[in-house]
Amino acid sequence: MKKYNIALLAGDGTGKEVTDEAVKVLKAVGEKYSIEFDFEPALIGGCAYDVYKTPLPDVTLDLAKKSDAVLLGAVGDWKYDNLPPEVRPEKALLGIRKGLNLFANLRPASVYPELTQLSPLKEEVVASTDIMIVRELTGDVYFGTPKGIEIKEGQKFGFNNMCYFESEIKRIAHTAFKVASQRNNKLCSVDKANVLDVSRLWRETVIEVSKEYPNVELTHMYVDNAAMQLIRAPKQFDVILTGNIFGDILSDEASMLSGSLGLLPSASLSDSKYAMYEPIHGSAPDLKGQNVVNPIATILSAAMMLKYSFNLDSAHDDIVNAVRKTLKLGYRTKDIAQAGMEIIGTSEMGNVIKDNVLHP
Ligand code: IPM
Ligand code: MG
């Protein structure tokens, strides 16, 4: 029997509740395809700080490196808000991304036909939107130096450095062109080349790489315009390629096309076998232990793992179809329920999706 080792990093807040459901669904898929998934848990984020005084202990990073893939819940809790920046839970996320060289972050924003009314935008604007945001994840102003807060000219001065090497732009551009080739062959690169030098290099480099992908239609958009176009006419986009911070912002914005942060998965990939899968939402510590959060984003992240790490495309499709069937049948967690609909809990949602995987 084929066996995969998965590092299970539930993290803080409701992270464990959502990863529990994804594990359930992966096990069901395993049953169906005779694959064994072996889950090894480790601490990350605030819970790791409590034990090891660091949010990303070596044991966790080592486990991630020796596993076939990482499934992450979420990190962060108000409890840790006053910790020094270097040991805050969010640092663990940045650390594991860098540590595993996960430079390519795929964030799909698809609108399910069953849920078009959920979006705060008009149904006709969002219906059948299907966008893939390809966000660079290990560079940009997130990691650039120099950075800090100093005294300058007699007052406090805070600074970060937005910067990219050409090689970093090239490799993420290749990822985006490949993703676009497997979709509708349209790629929109988002930058701020009218103002920023780093964006001028970004644009030049993306144009250079585009020569290797003559079938993909490349366009460029300034990030402010892209933010506007995303809600004005989202259907114009197929794949969006952008840097770390613009991608952070645009992917949260795009999640509102689908109506809930609780629906959107993500994959973070390297050029080796290292890969990590996590929902794009946070840890929602205020909802912890209440069995109310939506596990769909994490379950769909597990589906992305099957596709991108293990090439199990049909198992991936089984999970996506099970989620769609579940929604079609009217099962809703609180965040996606509309007036008059019956609400089920986190674990019940996982159970229904698991059953729909086993009995499509
Ligand atoms: C995300 C998050 C993280 C980011 C934070 C928690 C560090 O917002 O994954 O989008 O900014 O990348
Ligand atoms: Mg974000």
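**Surface patch and ligand shell**

Leu-43, Val-51, Tyr-52 and Val-59 make a nonpolar surface patch of about 350 Å². This is a predicted model, in which local features need pLDDT of at least 70, side-chain atom pairs count only at pLDDT 80 or more, and totals for chains, interfaces and linings use all residues. Residues are numbered from 1 along each chain as its sequence is written, ligands are numbered from 1 in the order in which they are written, and side-chain values use heavy atoms, without hydrogens and water.

**The patch**

- A patch takes residues with over 30% relative accessible area and no salt bridge, and joins nonpolar side chains within 5 Å; a salt bridge is a side-chain nitrogen of Lys or Arg within 4 Å of a carboxyl oxygen of Asp or Glu.
- Areas come from the Shrake-Rupley method with a 1.4 Å probe.
- Val-59 is partly exposed, at 48% relative accessible area (buried is under 20%, exposed over 50%, partly exposed in between).
- Val-59 sits in helix 3 (residues 58-66); helices are DSSP runs (H or I) of at least four residues.

**Around ligand 1**

- The shell consists of Glu-90, Leu-93, Arg-97, Arg-107, Arg-135, Tyr-142 and Asp-248, counting residues with a heavy atom within 4 Å.
- Helix 4 (residues 89-99) gives the largest share of this shell, 3 residues.
- By class, the shell has 5 charged residues, 2 nonpolar and no polar.

- A polar contact is a pair of N or O atoms within 3.5 Å.
- An oxygen atom of ligand 1 lies 2.5 Å from a side-chain N or O atom of Tyr-142.
- The protein buries 75% of the 320 Å² that ligand 1 exposes when taken alone.

How values were computed: A polar contact is a pair of N or O atoms within 3.5 Å; within protein, one must be able to donate a hydrogen and the other to accept it, and residues adjacent in sequence count only if both atoms are side-chain atoms. Helices (H or I, at least four residues) and strands (E, at least two) are DSSP runs, numbered from the N terminus. Ala, Val, Leu, Ile, Met, Phe, Trp, Tyr, Cys and Pro count as nonpolar, Asp, Glu, Lys and Arg as charged, and the others, Gly among them, as polar. Patches are made of residues with over 30% relative accessible area and no salt bridge: like charges are joined within 9 Å, nonpolar side chains (Val, Leu, Ile, Met, Phe, Trp, Tyr) within 5 Å. Buried means under 20% relative accessible area, exposed over 50%, partly exposed in between (1.4 Å probe, protein chains only).
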